[in-house]
Amino acid sequence: MDRALILRRALAPWVLVVLSGCALAAVPSGWRSWDLGAFRLQTPPGLQQQGGAIDSQAGTLVADGLRVEYDYGRYSDPLARSADRLDYRSETGIVDGLPARFVQYRFQGEGGGMRSCSGVHVPRVRVSGSNVLSLTVLGCADTSEQLAAVPTILSSIRFQATPTR
């Protein structure tokens, strides 16, 4: 199959998320709802939570070939372009009413295989004292089939308290 056609098929759900401002159809039945402190999201069944961070609400949800990392706090990754991020694409959009940047890229994973990622960075969720708190959620997968769930995961993000608008 033509590489451009494969890329268009992989990007189609992600473009819908960006254009719709994360207002896609309902999450599929059977998905799990995660309360992650300052925000909630939904994922396909089977993901398990791993680890966390000291200075923020951060962690990872993992399942066979799919890894969803989240970080809410002062130092969440802005998902900027870097040398190791191939085919990097960035679009502005909306997450639960807040301005956001959606990204998609590939990188060389452990063992030399390519991994594809889709994610979102919300740079200003709320202000706490003199600190601006932001959110990054990034889903990476080994195959386009596994990555296909990520736009729906991103569209399910909802903030718990009144964010800074």
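Tyrosine 70 is buried in this predicted model, with a relative accessibility of 6%. Its ring forms an edge-to-face aromatic pair with phenylalanine 39, at 5.8 Å centre to centre and 70 degrees between the planes. Phenylalanine 39 belongs to strand 2 and tyrosine 70 to strand 5, so the pair ties together parts that are 31 residues apart in sequence. Phenylalanine 39 is also buried, at 0% relative accessibility.

In strand 2, Phe39, Leu41 and Thr43 make up a covered face, while Arg40 and Gln42 make up an uncovered one. On the strand 1 side, residues 32-35 run antiparallel to strand 2 and are joined to it by four bridges, with aspartate 35 opposite arginine 40. The two strands form a hairpin with three residues between them, and glycine 37 in the turn has a positive phi of about 95 degrees. Strand 2 is also joined by two bridges to strand 10 (residues 158-159), again in the antiparallel sense. There phenylalanine 39 stands opposite phenylalanine 159.

Seven strands form an open sheet in the order 3-4-5-9-8-7-6, with antiparallel pairing. Strand 3 (48-50) and strand 6 (86-95) are at the edges and have a single partner strand each, so one side of each is left without a neighbour in the sheet. From one strand to the next, the twist averages 20 degrees.

Serine 134 is placed in strand 9. This residue is buried, with a relative accessible area of 6%. Its side chain makes a polar contact of 2.4 Å with the side chain of serine 76. Leaving aside neighbours within four places in sequence, serine 134 also touches other residues, among them Asp71, Tyr72, Gly73, His121, Val122 and Pro123.

Leucine 86 stands opposite arginine 106 in strand 7. Arginine 89, in strand 6, is partly exposed at 37% relative accessibility. Although arginine 89 and arginine 106 are 17 residues apart along the chain, their C-alpha atoms are separated by 9.9 Å.

This region also holds an aromatic cluster, formed by Tyr88, Tyr105 and Phe107. A search of the whole structure finds three aromatic pairs. One of them joins tyrosine 105 and phenylalanine 107 in a tilted arrangement, at 6.5 Å centre to centre and 50 degrees between the planes. Tyrosine 105 is buried, at 5% relative accessibility, whereas phenylalanine 107 is partly exposed, with a relative accessible area of 22%.

Terms used:
Residues are numbered from 1 along each chain as its sequence is written. This is a predicted model: local features need pLDDT of at least 70, side-chain atom pairs count only at pLDDT 80 or more; totals for chains, interfaces and linings use all residues. Side-chain values use heavy atoms; hydrogens and water are left out. Two strands pair if DSSP finds at least two bridges between them. Axes are lines fitted to C-alpha atoms, for helices over the stretch in contact, and angles run from 0 to 180 degrees between N-to-C directions. Buried means under 20% relative accessible area, exposed over 50%, partly exposed in between (1.4 Å probe, protein chains only). A polar contact is a pair of N or O atoms within 3.5 Å; within protein, one must be able to donate a hydrogen and the other to accept it, and residues adjacent in sequence count only if both atoms are side-chain atoms. Contact means heavy atoms within 4.5 Å. Rings of Phe, Tyr and Trp (its six-membered ring) pair if their centres lie within 6.5 Å; planes under 30 degrees apart count as stacked, over 60 as edge-to-face and the rest as tilted.
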